[in-house]
Amino acid sequence: MSEVRVRFAPSPTGPLHIGGVRTALYNYLFAKHHGGKFLLRIEDTDRNRYVDGAEDYIIESLKWLGLTPDEGVGFGGDLGPYRQSDRKEIYKQYVFQLVESGWAYYAFDTPEELEELRRISDQKGETFIYNPQSRMQLNNSLNLSEEEVKSKIDSGEHFVIRFKIPENETVHLNDLIRGEIEINTNTLDDKILFKSDGMPTYHLANIVDDHLMKISHVIRGEEWLPSMALHELLYRAFGWKAPRFAHLPLILKPEGKGKLSKRDGDKHGFPVFPIEWKKADESAMGYREEGYLPDALVNMLALLGWNPGTEQEIFTKKELIKLFSLEKVSKSGARFNPEKTIWFNHQYIQKMNDLDILTIYRKMLEERNIKSNDEFNLKVIELLKERANFISDIYTQGDFFYHAPENYDEKAVKKAWKEDTSILLSEFSNELIALPKFNQQQIHKLAEEFVEKKSIGFGRLMMPVRLALVGGLHGPDVPVIMELIGRDETHRRLSLICSKL
């Protein structure tokens, strides 16, 4: 195989959907598997839909996920510019080449004229298509003299340049995921390639850029599958060798029907964008801000449409690069599972080094204006990490390590608090103060001796103690909590609950 060069080519029309992220990921994995290059190209020819800030958002998303392009907008390279709006003059040269070779023509039909033709066709129960069967009756350079065409252009009359689809020909296509496909050209229309405002359409710009940037494989979403025949014909018209094509399956709603959308995320409470998107009139949550780890998200997305054929689910990026192949990508859509995404995040937190967790956790505490030391925080992390789906869970499940509870769970109070509980806790607290060593072993031993002396069950003492320390009946072993918060704070919390209840 010659050098593999692939590209991710989003349009800056808003935040990057998770389906687009998966397309970028598969391109990245394919390139790295073959020792090739991964490019980022910004396709911004549709200026009406351009959204300020979207380009920077795309670049930041890729960087956060670790899918750093080898070339492209923001990353340099020898075959740029990599932003289509910076390449307008290049496209002009190539579209006029198609006109001169007879593969394209000028069309002067107005939008109103075309809309009227569609209306008439609808009345007849037909569909109007600008194609080999209709174009010879329409207002274009195929039916006009050179003088008439020149006169219309010189006078500033609106025009477009359309591709001249061959008539009644079977185009044989090969997709690396979907196999052999045959399309009859009579089902295709003469797509617009260029507009009189000097901007190309997606179809022309896409083909020219892929050729000039030496793209070897085009890996994109299945929504572009209907354009594959046109693109193959464009390569033929230019006399260029076409890249290999692979069209990825859709990411489906959790229910399984239809394409995953932002509305689904809003409905079920999960993100569909990699990082948070904020504009004056629009905002959307992102995986980064919701506490997901980038490697966990990458792992989940890799398996959303691809499987190496084993039961393994956790893969490092190196493993994904080594195993990835387009032959193992499914033809059918992949259902998105929010719970499974959380599961992946949990697995990655369990694999993380506690010091790496500390770096993130420390920032969370600082944002809450909580002053603590790293030695203490590492002990909290070690205690609570196992149950955490997100690093933020370590704090939400263990906030009592940093401040005494202000309120006590009502159900827990009814269960744990009796008439003589205040007396028991006061006596136990005084004995705790007298302990020579305040560690979990000594605390546990003292508790056993205390309940035996009082002839009460262990829970009769430890449930209200837990309630005093935590505010409820959850958390790690009570002696562990007590050792960590210390003798003085333990005594203070036991005294506080007695005064309140």
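**Strands, pockets and local backbone features**

A hairpin joins β6 to β7 through 3 residues. Helices (H or I, at least four residues) and strands (E, at least two) are DSSP runs, numbered from the N terminus. The model is predicted: local features need pLDDT of at least 70, side-chain atom pairs count only at pLDDT 80 or more, and totals for chains, interfaces and linings use all residues. Residues are numbered from 1 along each chain as its sequence is written, and side-chain values use heavy atoms, with hydrogens and water left out.

Strand β6 covers residues 170–175, and strand β7 covers residues 179–184. The two run antiparallel and are joined by 6 bridges. Pairing requires that DSSP finds at least two bridges between two strands. The loop between β5 and β6 holds Asn168. Asn168 is not a glycine, yet its phi is positive, at about 50°. Most residues other than glycine have a negative phi, and most peptide bonds are trans. A cis peptide bond joins Gly80 and Pro81, with omega about 0°. Pro81 is placed in the loop between β3 (71–72) and α3 (88–100).

An open sheet is formed by 3 strands in the order β4-β5-β8, with antiparallel pairing. β4 (104–107) and β8 stand at the edges with a single partner strand each, so one side of each is left without a neighbour in the sheet. On average, neighbouring strands of this sheet are turned by 30° against each other, direction ignored. The axes behind this angle are lines fitted to C-alpha atoms, for helices over the stretch in contact; angles run from 0 to 180 degrees between N-to-C directions. β5 and β8 pair over 3 bridges in the antiparallel sense. Arg162 has Ile192 in β8 as its bridge partner.

Pockets were computed next. On a 1 Å grid over the protein atoms alone, a pocket is an open set of points with protein on both sides within 12 Å along at least five of seven lines, where a 1.4 Å probe fits; lining residues have an atom within 4 Å of a point. Grid points are joined across faces, edges and corners, and a volume is the space filled by probe spheres set on the points.

The largest pocket has a volume of about 1,000 Å³. It is lined by 43 residues, of which Ala9, Pro10, Ser11, Glu223 and Trp224 are the closest to its centre. Two or more lining residues come from each of β1, α1, α6 (202–212) and β9 (217–221). α1 gives the most, with 5 residues. The lining divides into 18 nonpolar, 14 polar and 11 charged residues. Here Ala, Val, Leu, Ile, Met, Phe, Trp, Tyr, Cys and Pro count as nonpolar, Asp, Glu, Lys and Arg as charged, and the others, Gly among them, as polar.

The second largest pocket has a volume of about 360 Å³. Its lining comprises 17 residues; Leu114, Arg118, Val160, Arg162 and Ile192 are the closest to its centre. α4 (111–123), β5 (160–163) and β8 (192–195) each give two or more residues to this lining. α4 gives the most, with 3. By class, the lining has 7 nonpolar, 3 polar and 7 charged residues.

His17 lies in the loop between β1 (5–8) and α1 (18–33). Contact means heavy atoms within 4.5 Å. Not counting residues up to four places away in sequence, His17 touches Leu260, Ser261, Val272 and Phe273.
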